[in-house]
Amino acid sequence: MGKLKLVSHILCNRNIFYKASKIALVVGIILNLINQGEYLIHLDFEHVNFYKLGFTFMVPFCVSTYTAITMKMKYHVGEKALLCADLTCENCHGTQEVKRDEIIPFCHKCQDKTSWKIKEIKDINVKCRD
Ligand SMILES: [Zn+2]
């Protein structure tokens, strides 16, 4: 349940939406030209498959959004914590609490080999922000 809070917090980020939209626009146009270019260039809309046209924009949007979410789901050392969370070190299983916007520290035992995994998201109120 806690990870859903983090996903919804990440999805509220306008930058992710705008970047995914830009990628979908560019990649969607290129892929549509590759797949149905002969019909689109000649404006032969009777032969254009509009389901394919739409999905060709949707797929890069979804892949880009999914990638952004999975990248931000990981709490990396030196980055700001998106939400207050309890972290577990994947190497030594040590724990660390981080507050929202706090810089994520190294594990005391593992130092530069630190790899944090989210144990629990502790923020109760998840608000959208830019
Ligand atoms: Zn550790």
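Residues are numbered from 1 along each chain as its sequence is written. Because the model is predicted, local features need pLDDT of at least 70 and side-chain atom pairs count only at pLDDT 80 or more, while totals for chains, interfaces and linings use all residues.

The domain assignment, which is automatic or from a database, gives two domains, and their C-alpha centres lie 33 Å apart.

| Domain | Residues |
|---|---|
| domain 1 | 2–73 |
| domain 2 | 85–121 |

Now to the helices, which are DSSP runs (H or I, at least four residues; strands are E, at least two) numbered from the N terminus. The axes of α2 (residues 14–41) and α3 (residues 50–73) come within 7 Å and cross at roughly 140°; axes are lines fitted to C-alpha atoms over the stretch in contact, with angles from 0 to 180 degrees between N-to-C directions. Residues of this contact divide into 11 nonpolar, eight polar and two charged.

The largest nonpolar core has 10 residues, among them Leu6, Tyr75, Trp116 and Ile121. Such a core joins buried nonpolar residues through C-beta atoms within 7 Å, and buried means 20 or more other C-beta atoms within 10 Å (exposed: 12 or fewer). Strands β1 (85–89) and β3 (116–121) each supply at least two residues of this core.

Finally, look at Thr70 in helix α3. Thr70 is exposed because 11 other C-beta atoms lie within 10 Å. Its C-alpha atom is separated by 8.9 Å from that of Val7, 63 residues apart along the chain.

Key: Nonpolar A, V, L, I, M, F, W, Y, C, P; charged D, E, K, R; others polar.
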